[in-house]
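Hi,

Here is the structure I promised to pass on. Have a look at it first, and then read my notes on the sheets below.

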Protein chains: 2
Amino acid sequence: MAALIGVAHADDMKYTIGVSVPAADHGWTAGIIFHANRVAKILMAEHPGLNIIVKTSADPASQNNALQDLETQGINALVVLPTDPDQVVNAIKEIKSKGTFVTLVDRSPSNNDTSVRDLYVAGNNPDLGAEAGNYIKKTTPDAQVVVIRGLPIPIDQQRQDGFDAAIKGSNVKVLEKQFGNWSTDDAFKVMQDYLTKYPKIDVVWCQDDDMAVGVLKAIDQAKRTDIQYVIAGAGSKVMVKNVMDGNKLIPVDVAYPPSMVGTAEELTVAHLYDTIPVQGSYILDATLITKDNAKDFYFPDSPF
Amino acid sequence: MAALIGVAHADDMKYTIGVSVPAADHGWTAGIIFHANRVAKILMAEHPGLNIIVKTSADPASQNNALQDLETQGINALVVLPTDPDQVVNAIKEIKSKGTFVTLVDRSPSNNDTSVRDLYVAGNNPDLGAEAGNYIKKTTPDAQVVVIRGLPIPIDQQRQDGFDAAIKGSNVKVLEKQFGNWSTDDAFKVMQDYLTKYPKIDVVWCQDDDMAVGVLKAIDQAKRTDIQYVIAGAGSKVMVKNVMDGNKLIPVDVAYPPSMVGTAEELTVAHLYDTIPVQGSYILDATLITKDNAKDFYFPDSPF
């Protein structure tokens with residue numbers, strides 16, 4: 001309940017923070033924009049002198065322009081989630097070289113050191129795979145599993161390595177791995193292929209919520225009842241709602257939350273107003289989302 | 001300037017956070033208590049429904065009692081810096097097992113996983129050594145250096161390893177290393193010994209601000225003018241003031257700030273009020289404190 005409260009504010013100093021994120025109308029990056037605006041609103045309400053400007057850019061060229069605009073406008077700190085880190089790193093370094101505090105979110109350039117940023121906030125890709133592997137090992141120790149990977153890039157490999165390490169030495173058996181390109185449609189096709197090939201599948205690990213939508217559709221169309229459950233990852237509202245509602249096919253999800261941009265904003269504001277050390281490297285856990293904690297990850301108004 | 005401002009608060013939810021830290025009347029842990037109270041005050045002003053209780057304990061037995069008291073009292077989250085982590089880990093796990101959010105600061109038990117804590121906030125010991133080594137290598141490439149270590153425990157070794165890696169392959173030469181037990185008096189004696197043994201010393205690396213006080217006293221008493229500078233570490237008000245005032249013997253300091261407990265409080269409050277993900281591992285940089293950023297690390301009212 002909002003209430004008008006008279007309270008002594010020692011923090012009515014005026015600061016402007018620029019937030020630069022990729023443009024998107026769906027998926028994980030749409031979630032980024034939603035949470036960037038949501039948390040900006042909370043923080044501005046808490047700090048009357050604070051102004052947070054959120055800018056979205058469709059590609060590296062426009063993000064470079066957006067960064068230059070923010071610099072010209074005058075900002076005390078920058079929170080940036082790069083479209084393509086290596087293509088915008090020079091614009092970020094330029095801002096940092098002026099003494100502006102820089103918080104980098106999620107995607108890091110090849111050289112991610114203190115010449116680029118003061119604070120780095122990111123998810124934990126190896127742990128995203130490990131949480132899924134550990135859950136399968138514990139819940140269904142003899143499971144036959146099909147895996148749908150993302151794209152053949154380092155993030156995907158880190159997730160796969162974490163998964164492989166978690167199930168190593170167990171009775172969990174991986175029947176096959178194919179790439180689904182983090183796409184609902186491609187994952188649908190890969191899952192159709194698996195369903196044709198394998199008469200008995202216990203578990204699907206597909207590492208990503210958008211891909212899980214395609215997987216569920218393929219299972220439903222094939223009317224297969226052998227699959228016990230699907231584990232995805234990210235924390236989209238669709239999958240978190242499935243967890244909350246007790247959908248047996250989606251008992252859990254693994255967090256790689258777009259709300260991490262809010263964590264980055266929060267710490268950047270705290271650096272300016274509360275004189276606490278925030279420079280460093282903050283790796284968020286790939287928390288297992290269960291019925292118990294799902295409410296912390298559920299945002300019905302988010303596009304993702 | 002504090003001002004009475006009427007502002008719409010959507011965050012007048014009532015939460016209680018327990019903060020359990022070691023008792024101390026001087027040194028780094030006294031700084032911990034100062035910042036725990038300082039940041040608690042700021043956060044309670046920002047969140048009218050928030051209550052933060054700071055408890056200090058002289059030893060593991062009394063900390064176990066304090067933790068039990070907080071649990072009985074009823075808390076929504078715990079921020080804990082253990083006196084001795086392995087001796088209080090069961091009390092922490094007991095609180096966490098009730099669903100209470102736990103933020104662990106600085107000192108971690110042998111098994112520091114999500115069964116113990118949701119969030120881990122700590123300094124960066126290897127980097128504390130590396131920052132010192134890099135500064136010496138850059139500023140005085142042919143320096144002859146004496147080193148005063150802390151105690152033969154892992155933290156000390158991590159700092160030494162970071163330093164050794166940073167100067168590897170350079171012309172920086174370490175004349176000798178002795179333990180000073182993180183004590184002003186012991187470091188004074190070690191430095192007296194070095195001054196007797198070595199007619200020319202360029203740089204002292206002593207890894208800790210309390211030890212630097214003893215080092216400066218020994219140099220002053222011996223009236224030696226060959227020493228160009230001393231690099232310590234932590235960010236005490238005495239050493240940060242030296243940096244601010246342009247004392248040539250203390251051109252920089254390396255941060256391992258007790259204000260990290262404030263960072264832990266800030267994130268714990270943000271978890272409760274702002275629905276952002278904070279579970280994870282947050283390793284703060286050992287920032288090089290220079291004239292430019294010293295004000296962010298200077299708290300004249302702190303005992304440390």
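One definition before we start: two strands count as paired if DSSP finds at least two bridges between them. Also keep in mind that this is a predicted model.

By that rule, strand 9 and strand 10 of chain A are a pair, since 3 bridges join them, and they run parallel. If you want a spot to look at, A:Val204 has A:Val230 in strand 10 of chain A as its bridge partner.

Those two strands belong to an open sheet of 4 strands in chain A, with the order 8-7-9-10 and parallel pairing. Strand 8 and strand 10 (229-231) of chain A are at the edges with a single partner strand each, so one side of each has no neighbour in the sheet. From one strand to the next, the twist averages 20°.

Now for strand 7 (residues 144-149) of chain A. It is mostly covered, with 5 of its 6 residues buried. Strand 7 of chain A pairs with strand 8 (residues 173-179) of chain A in the parallel sense over 6 bridges, and with strand 9 (residues 203-205) of chain A, also parallel, over 3 bridges. A:Val147 shows up in both pairings: its bridge partner is A:Lys177 in strand 8 of chain A and A:Trp205 in strand 9 of chain A.

How does the chain get from strand 7 of chain A to strand 8 of chain A? It goes through helix 5 (residues 154-167) of chain A, in a right-handed β-α-β crossover. Helix 5 of chain A packs on the sheet and touches strand 7, strand 8 and strand 9 of chain A, with its direction at about 165° to that of strand 7 of chain A. Helix 6 (residues 184-197) of chain A also packs on the sheet and touches strand 7, strand 8 and strand 9 of chain A; its direction makes about 145° with that of strand 8 of chain A.

On the chain B side, strand 2 (residues 15-22) and strand 3 run parallel and are joined by 8 bridges. There, B:Pro22 stands opposite B:Ser57.

Cheers

Terms used. Residues numbered from 1 in each chain as written. Chains lettered and ligands numbered in written order. Predicted model: local features only at pLDDT ≥ 70, side-chain atom pairs only at ≥ 80, totals over all residues. Heavy atoms only, no water. Buried < 20%, exposed > 50% of the residue type's maximum accessible area, 1.4 Å probe, protein only. Right-handed = clockwise from strand over helix to strand, strands pointing away. Axes fitted to C-alpha atoms, helices over the stretch in contact; angles between N-to-C directions. Contact = heavy atoms within 4.5 Å.
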